[in-house]
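Okay, thanks everyone, let's get going.

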Amino acid sequence: MSFENIILEMDSAIAMISFNRPKALNALNNALLDELDLALDQVLANDEIRVLILTGTGDKAFVAGADISELTRMDMLAAKYFSRKGQNIFSKIEALPFPAIAAVNGFALGGGSEVALACDFIYASEKAIFGLPEMNLGLIPGFGGTQRLSRVVGKNRAKEMIFTGSNITAGKALEYGMVNQVCPHESLMDEVKETARRIATKGCVALRAAKEVIQGGLDCELETGCLIENDAFAITVASPDGKEGTSAFLEKRKPEFKGVLK
Ligand code: CO8
């Protein structure tokens, strides 16, 4: 299927989804969210994929939020469905069995920050601007932002950002721990792809286990998290990739990971 509001590219182990409504600064409308959902299914169906990159087309925006012209026409029920749809799709990104990286190339406001926060980590252009400005519209974040932002930057910083509706620079987002790396604008995609390629050389069973354990452990007590890690560690040691990686080390050669996810 061809998409109108996003671009999906799959190049061996790396998939890239670009939000593609540059005239509306890639704002998330219903049609775009439906296409994003379908694109994620296509990425999931491709056994070769090891990393997903999300970015925005145009020179100004990653995503400038939910489409405000659609929001203004919504009644309470439509808003509830739209918010839930976005939450479910962003949770699908968070639960992908491989890492997702947000390459934030400009404005990441409202739903834009929310979708970036659903990724495993964020690299940002020095021109990137983050924020949850919904309060300026008389709204609150509705795509998981109240939950994910506070988990990433801490409760008090999240409250200040959401209550004031003020945006922050890429540098401030780095200081807050929201962004892993700030890159020169021109080299953002090269840096993200280089990191994606490094991740793609790892065993997919171990990548999946690490992602699930880190994510699962955040929602429970330390001891329970350690038990989850304990099971997953044993699985990776016994997996063909675990045997290959440890043997390759002892044989002083590069490992060839062949693990499958399904
Ligand atoms: N929705 C729709 N259109 C948008 C959006 C948006 N979020 N952002 C920008 N656009 C459009 C503008 O209307 C404009 O269109 P046109 O050329 O037809 O007038 C075009 O994109 C270019 O925008 P600007 O002229 O405003 O560009 P500037 O460079 O002057 O400003 C900004 C860039 C600062 C990014 C500015 O566009 C802006 O403030 N945008 C809105 C940011 C915002 O408030 N985002 C939060 C939206 S709410 C949200 O995300 C809630 C998520 C949860 C939803 C749950 C649903 C129930």
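So, let's start with E244: at 18% relative accessibility, this residue counts as buried, where buried means under 20% relative accessible area, exposed means over 50%, and partly exposed is in between, with a 1.4 Å probe and protein chains only. E244 sits in helix α11, residues 240–250. Helices here are DSSP runs of H or I with at least four residues, strands are runs of E with at least two, and both are numbered from the N terminus. Leaving aside neighbours within four places in sequence, E244 is in contact with R253, K254, P255, E256 and F257, contact being heavy atoms within 4.5 Å.

Quick housekeeping. This is a predicted model, so local features need pLDDT of at least 70 and side-chain atom pairs count only at pLDDT 80 or more, while totals for chains, interfaces and linings use all residues. Residues are numbered from 1 along each chain as its sequence is written, and side-chain values use heavy atoms, with hydrogens and water left out.

Next, A15, over in strand β2, residues 14–19. A15 is buried too, with a relative accessible area of 0%. Skipping neighbours within four places in sequence, A15 touches E9, M10, V43, I49, V51, L52 and I53.

Now two loop residues. S12, between β1 (6–11) and β2, has phi near 45°, a positive value in a non-glycine residue. N26, in the loop between β2 and α1, has phi near 60°, also positive and also not a glycine. Which of them is buried, and which exposed? S12 is exposed, at 54% relative accessible area, whereas N26 is buried, at 0%.

Last stop, the cores. A nonpolar core is a set of buried Ala, Val, Leu, Ile, Met, Phe, Trp, Tyr and Cys residues joined through side-chain atoms within 4.5 Å. The largest one has 51 residues, and F19, F62, F90, V104 and F130 touch the most other members. Its largest share, six residues, comes from α1. Apart from that core lies another, of 16 residues, including A13, I14, C183 and L188.

That's my tour, so over to you for comments.
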